[in-house]
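Reader: I have a structure open and would like to talk it through. Could we go over it together?

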Amino acid sequence: MPSNTNSKNPSQSLTVMNELVLPNDTNTLNNLMGGRLLHWMDICAAIAAQKHANRIVVTASVDNVSFSRAIRLGNLVSLTARVTRAFQTSMEVHLEVWCENIPQGIRHLCNKAYFTFVAVDDAGMPTQVPELVPETEEDQIHFAGALRRRQLRLVLGGRMKPSEANELRSIFESNPGKP
Ligand SMILES: CC(C)(COP(=O)(O)OP(=O)(O)OC[C@H]1O[C@@H](n2cnc3c(N)ncnc32)[C@H](O)[C@@H]1OP(=O)(O)O)[C@@H](O)C(=O)NCCC(=O)NCCS
């Protein structure tokens, strides 16, 4: 595997994307369609992963996304993404989605999600990515939790045996009897 090991900080992959919700983006209730939002989230997160890897990336998985608040026609949707941890060839990216009614001056956090991308070479084969070094306290929190989230998604995706998921086991063993 070619070497691509210069470390980077989360701020180097920070990506901000703005979209205005237009009639063609909405359902019959004039709310933004979930699929359109996922499309924007995928693009924003992929750009962040590309900035970290300096490579083409493919989406490997998307953790659960819940649509807790409707985003209305005419709202500004601001997406921010940054890499939270890099592994061998894969990277976890955290996204926040804010919606804003500009005339009313109202802004809400609408969604949060983690996406996983894999850097690939020209032949589409997974290739090594630079290490990620967290800077801020918030970066440290995302970084620390990323191993547990990785193991969970690999177990759910049938790529890791539950018995091999040490990080997950330690959660249950340290909280016996808790739901
Ligand atoms: C993602 C993909 C490159 C993985 O290829 P692979 O041959 O399985 O490669 P590997 O088994 O070596 O895994 C490569 C990395 O992907 C990660 N990975 C694979 N499946 C994953 C999943 N479901 N969730 C999270 N990470 C995953 C592995 O953990 C590994 O990470 P690491 O190198 O940091 O440890 C390949 O499955 C692919 O090309 N998928 C289609 C991607 C695509 O088209 N996306 C858009 C679809 S809408």
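**A walk through the model**

Author: Let us begin at a turning point of the backbone: just after α1, Asn-54 takes a positive phi of about 55 degrees. Please bear in mind that this is a predicted model.

Reader: How many residues does helix α1 have, and how far does it reach?

Author: Helix α1 covers residues 34-53, which is 20 residues. From first C-alpha to last, α1 reaches 28 Å, close to the 28 Å expected at 1.5 Å a residue.

Reader: Which residues of α1 are buried?

Author: The buried residues in α1 are Leu-37, Met-41, Cys-44, Ala-45, Ala-48, Ala-49, His-52 and Ala-53. They lie on the same side of α1, because they cover an arc of only 165 degrees around the axis.

Reader: And what covers them?

Author: The cover over the buried residues of α1 includes β1 (15-20), β2, β3 (76-86), β4 (90-101) and β5.

Reader: Which residues have the most contacts inside the largest nonpolar core?

Author: That core has 30 residues, and those with the most contacts inside it are Met-41, Ala-45, Ala-49, Met-91, Val-93, Leu-95 and Phe-117. The elements that give two or more residues to this core are α1, β3, β4 and β5. As a general matter, nonpolar side chains tend to be buried together in soluble globular proteins.

Reader: Take Leu-95, then. What does it touch?

Author: Leaving aside residues up to four places away in sequence, Leu-95 touches Met-41, Cys-44, Ala-45, Leu-79, Thr-80, Ala-81, Lys-112, Ala-113 and Phe-115. Met-41, Cys-44 and Ala-45 are among the buried residues of α1.

Reader: Changing topic: where is Ser-78, and what does it touch?

Author: Ser-78 is in strand β3. Not counting residues up to four places away in sequence, Ser-78 touches Val-16, Asn-18, Trp-98 and Glu-100.

Reader: What about Asn-9?

Author: Asn-9 is in the segment before β1. With 16 other C-beta atoms within 10 Å, Asn-9 is partly exposed. Not counting residues up to four places away in sequence, Asn-9 touches Val-133 and Glu-135. Asn-9 and Gln-50 are 41 residues apart in sequence, and their C-alpha atoms are 14 Å apart in space.

Reader: On to the ligand. Which residues are closest to it?

Author: The ligand is surrounded by 16 residues, and the closest are Ser-61, Phe-87, Gln-88, Thr-89 and Ser-90.

Reader: Which element gives the largest share of that shell?

Author: The largest share, four residues, comes from β2. At least two residues of the shell are supplied by each of β2 (56-62), β5 (106-120) and α2 (137-156).

Reader: What is the shell made of, by class?

Author: The shell around the ligand has seven nonpolar, seven polar and two charged residues.

Reader: Finally, what is the overall layout of the protein chain?

Author: The protein chain has three helices and five strands, in the order β-α-β-β-β-β-α-α along the sequence. Its C-alpha trace spans about 50 × 50 × 30 Å along the principal axes. Of the 179 residues of the protein chain, 30% count as buried. Among contacts between residues at least 6 apart in sequence, 70% join residues at least 24 apart.

Notes
Residues are numbered from 1 along each chain as its sequence is written. This is a predicted model: local features need pLDDT of at least 70, side-chain atom pairs count only at pLDDT 80 or more; totals for chains, interfaces and linings use all residues. A residue is near a molecule or strand if its C-beta atom, placed from the backbone, lies within 6 Å of it. Ala, Val, Leu, Ile, Met, Phe, Trp, Tyr, Cys and Pro count as nonpolar, Asp, Glu, Lys and Arg as charged, and the others, Gly among them, as polar. The expected span of a helix is 1.5 Å times one less than its number of residues. A residue is buried if 20 or more other C-beta atoms lie within 10 Å of its own, exposed if 12 or fewer, and partly exposed in between; C-beta atoms are placed from the backbone. The arc is that of the directions from the helix axis to the C-beta atoms. Two residues are in contact if their C-beta atoms, placed from the backbone, lie within 7 Å. A nonpolar core is a set of buried Ala, Val, Leu, Ile, Met, Phe, Trp, Tyr and Cys residues joined through C-beta atoms within 7 Å.
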